[in-house]
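Student: Could you walk me through this one before I start on my own notes? I would like to begin with how its elements are named.

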Amino acid sequence: MTKKPTTRRQFIERGAKLGIAIPLISSGLLGCNFNEEKKVATTKASSKKLNILILGGTSFLGPHQIAYALGRGHSVSTFTRGKTKPTIHQELFKNVTSLVGDRNNDLSALETGTWDVVIDNSGRDVEWTKNSAELLKDRTDLYLYTSSTGVYYPYLTDDINEDTKVLLEEPETLEDEEMRIEYWYGVMKANSELAAKKAYGEDRTIIVRPTYMFGPADKTNRFVHWPLRLSKGGEVLVLGKPQDPVQYIDVRDVAEFMIRLIEEKHTDTFNAAGPKTAQNMYDFVEEASKAFDVEHTFVKVDDYEFLKANKVPYLVPWIMPEGNNYGSARANIDKALAAGLTYRDLPTSIRETYNWWHSDGVTDEIRQKFEGNTKNVFNREAEIIAAWKKHKNS
């Protein structure tokens, strides 16, 4: 049996190799310098200034949390290994206290000090969450654990809400490596949530379960297909049937929602997904294409067997909604909306992700790794469209 990934890098690399579309949260960060700091200055200050500790903070989600928190008058400390240098909102980090250690074996930097709240972005091991929560519970008021809608895997039902039962143990026999990794990730996140609640209690714990996040600094490159492809115009491949739902969310909307939750001490569990109203893949592409003033012709491929044969089981935010992934885009967001989750409009998010991709925050090497990959849909699109037209006419 193939061994489970033991590091997040191994997990991401193996998932990408297998074509797994898991809602990863704390993806690594590449640089970004496209004047987003200008927006931070206009952020409304909070009435109460908080002292926030972020476990992680230099990766995908963290810099956006920090930018919003500092803009609202809070102070921020981060706890990291000191290896990942923040290259988005870079100038803001001079105002952040950096604590260095290792969640696996060195929490000494956290043994003293007090904070109002802990945001756990890097809890990718149950023991890590358990140890940090136990160490900090008497010196902080709240613990926010960054979880994932991956806790609901396998996604077998409609209307998946926060009370939907989650698995706490992996099935004993799983021969399929893709399925084994997805089960592992969801079970790990679900048990980490419990570890946080056990240490802090229900009334001092916030759990946020984001779906597929995208936006500036996303290292997974799962979503960048759309800004790049839609900017070019022409015939655009669109996957799925008319009734296939999609869910996704701008990372900045998640970051800002989290900061407002801790300001309000709104302790509960929330699915952080979008858009605000239900959307299918066709609606998504129509709306996203408004980011660019070019002409598009959408080639809609609704034959699942054809897509499987052409090795296109997903193209985030579309995940083929069958089997264990039936409900992957059916998370109920009523509770999050009631608690104040808000959304940027999709064309703005698409355009700003496009600008980030073409900024000095992304190296030529990274751009080439995606844009020059002959195996991805971005480069196989014309071939797939040609095969589809031939298939329909046969």
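Tutor: The helices and strands are DSSP runs numbered from the N terminus, a helix having at least four residues and a strand at least two. With that naming, Pro275 is placed in the loop between E10 and helix H8, the latter covering residues 281-288. Please keep in mind throughout that this is a predicted model.

Student: Okay, and how many helices and strands are there in the protein?

Tutor: The protein has 13 helices and 13 strands. Of its 394 residues, 58% count as buried, and the accessible surface comes to about 17,300 Å², with 47% of that belonging to carbon and sulfur atoms. If you take the contacts between residues at least 6 apart in sequence, 81% of them join residues at least 24 apart.

Student: What about phi, which residue other than glycine has a positive value?

Tutor: One of them is His89, whose phi is near 55°, and another is Lys311, also with phi near 55°. For context, most residues other than glycine have a negative phi, and most peptide bonds are trans. His89 belongs to the loop between strand E2 (75-80) and strand E3 (96-100), while Lys311 is in the loop between helix H9 (304-309) and E12.

Student: Is His89 buried or exposed?

Tutor: His89 counts as buried because its relative accessibility is 1%, and the cut-off for buried is under 20%. Lys311, by contrast, is exposed, with a relative accessible area of 68%.

Student: Switching to charges, how many salt bridges does the structure hold?

Tutor: There are 16 salt bridges in the structure. One of them is between the side chains of Glu193 and Arg209, at 2.7 Å from N to O. That pair links distant parts of the chain, since Glu193 is in helix H5 (residues 177-200) and Arg209 in strand E6 (residues 205-210), 16 residues apart.

Student: And why does Glu193 count as buried?

Tutor: Glu193 counts as buried because its relative accessibility is 4%, and Arg209 likewise counts as buried at 4% relative accessibility.

Student: Which residue forms a salt bridge with Asp268?

Tutor: The partner is Lys335, the closest N and O atoms being 3.3 Å apart. Here too distant parts of the chain are linked, with Lys335 in helix H10 (residues 334-338) and Asp268 in the loop between helix H7 (251-264) and strand E10 (269-272), 67 residues apart. Lys335 counts as partly exposed at 27% relative accessibility, and Asp268 counts as partly exposed at 30%.

Student: How far apart in helix H12 are Arg367 and Asp364?

Tutor: They are three residues apart in helix H12 (residues 364-371), so about one helical turn separates them. Elsewhere, salt bridges that share partners join Asp250, Arg252 and Glu352 into one network.

Student: Which residue lies over the face of Tyr304?

Tutor: Lys241 does, at 4.4 Å from the ring centre, and Arg330 lies over the face of Tyr326, at 4.0 Å from the ring centre.

Note on methods
Residues numbered from 1 in each chain as written. Predicted model: local features only at pLDDT ≥ 70, side-chain atom pairs only at ≥ 80, totals over all residues. Heavy atoms only, no water. Buried < 20%, exposed > 50% of the residue type's maximum accessible area, 1.4 Å probe, protein only. Contact = heavy atoms within 4.5 Å. Areas by Shrake-Rupley, 256 points an atom, 1.4 Å probe, with all protein chains shown as cover. Salt bridge = Lys/Arg side-chain N within 4 Å of Asp/Glu carboxyl O. Lys NZ or Arg CZ within 6 Å of the ring centre and 35° of its normal.
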